[in-house]
Amino acid sequence: MTVATPASKNKAKKIEVKDIMALPLTKADESWFNKEFVRGFMSVYKDKTFIITEDDKPKILGPTNIKEKEKWLHGTAKEEFNDYVLTGKENYKALKLKYKGKLVGAIMYRLLDETKKTIYLAQLFIAPSFQGQGIATHLVDKILPKLHPDYKRYEVLTRHQNDVGMLFYNNLEFTIGDTSLVEKYGYNPLYYIGFYNVR
Ligand SMILES: CC(C)(COP(=O)(O)OP(=O)(O)OC[C@H]1O[C@@H](n2cnc3c(N)ncnc32)[C@H](O)[C@@H]1OP(=O)(O)O)[C@@H](O)C(=O)NCCC(=O)NCCS
């Protein structure tokens, strides 16, 4: 198995992460978000084989199912944008990341006021040409803690096939949780793995 490599991965880092700005995603960002969400996730999923649910039935998508994967990701982008931006549910947050005026990625997350205040990272992607530059690390390690200093626990789910996502969270010293962490967010532990980190 080869791990997906972003175009920029083997090049010298060319971005000053301190110049990354995080701003609220708004309705005006919708078409950019839909397009880049698909491109961002396809950078990892295009050559993977995994199961999605379509019309309440499981469906296997492999490396040849590019169109189906794109359609599934388009649907997910639309639903998430609706929940995190358009309907503005309480404690649902969505940020875009800008570098020198260019949109380079986005994150959607929830603030959970549990005994230990928790941030659930629901969706995170970096545009493929900006991957491998430390942007997502800077976001999770520096920007979010600064925005929400009281929230010390972070939780996230990744598909078992998302090797890049798992390397990313391992690199940030997240730990694998048990299956209840996956079920907490309504997902199937056969398809997803939960990670958490307490700062
Ligand atoms: C996962 C993702 C958000 C990481 O964003 P990024 O800004 O490229 O990540 P960083 O540059 O901060 O990488 C930090 C570390 O993660 C790991 N990593 C990230 N991308 C990797 C890759 N393609 N291959 C191997 N390791 C990788 C490395 O350990 C890296 O540290 P290093 O650069 O010192 O080797 C990005 O790859 C992405 O958008 N993927 C598609 C969407 C997705 O999978 N989101 C997460 C799902 S929960």
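**Helices and sheet in a predicted model**

User: How many residues does α2 have, and what does it reach from its first C-alpha to its last?

Analyst: In this predicted model, α2 has 21 residues and reaches 28 Å from its first C-alpha to its last, close to the 30 Å expected at 1.5 Å a residue.

User: Which residues of α2 are buried?

Analyst: K69, A77, F81, Y84 and V85. They cover an arc of only 100° around the axis, which puts them on the same side of α2. On the other side of α2, G75, E79 and N82 are exposed.

User: Why would residues a few places apart point the same way?

Analyst: An α-helix has 3.6 residues a turn, so residues three or four places apart point the same way.

User: ok. What do the buried residues of α2 pack against?

Analyst: They pack against α1, β3 (57-61), β4 and β5.

User: Switching to α1. How many residues, and which of them are buried?

Analyst: Helix α1 covers residues 30-45, which is 16 residues. From first C-alpha to last, α1 reaches 22 Å, close to the 22 Å expected at 1.5 Å a residue. Its buried residues are F33, E36, F37, V38, G40, F41, V44 and Y45.

User: What covers those?

Analyst: The cover includes α2 (66-86), β5 (102-112), β6 (118-126) and α4 (163-171).

User: How many bridges join β8 to β9, and do they run parallel or antiparallel?

Analyst: Two bridges join β8 to β9 (residues 192-198), and the strands run antiparallel.

User: Last topic, the core. How many residues does the largest nonpolar core have, and which have the most contacts inside it?

Analyst: The largest nonpolar core has 43 residues, and A106, I107, L121 and I135 have the most contacts inside it.

User: What is A106 in contact with?

Analyst: Leaving aside neighbours within four places in sequence, A106 is in contact with L25, F33, A94, L95, K96, L97 and F125. Of these, F33 is also among the buried residues of α1.

Key:
Residues are numbered from 1 along each chain as its sequence is written. This is a predicted model: local features need pLDDT of at least 70, side-chain atom pairs count only at pLDDT 80 or more; totals for chains, interfaces and linings use all residues. Helices (H or I, at least four residues) and strands (E, at least two) are DSSP runs, numbered from the N terminus. The expected span of a helix is 1.5 Å times one less than its number of residues. A residue is buried if 20 or more other C-beta atoms lie within 10 Å of its own, exposed if 12 or fewer, and partly exposed in between; C-beta atoms are placed from the backbone. Two residues are in contact if their C-beta atoms, placed from the backbone, lie within 7 Å. Two strands pair if DSSP finds at least two bridges between them. The arc is that of the directions from the helix axis to the C-beta atoms. A nonpolar core is a set of buried Ala, Val, Leu, Ile, Met, Phe, Trp, Tyr and Cys residues joined through C-beta atoms within 7 Å.
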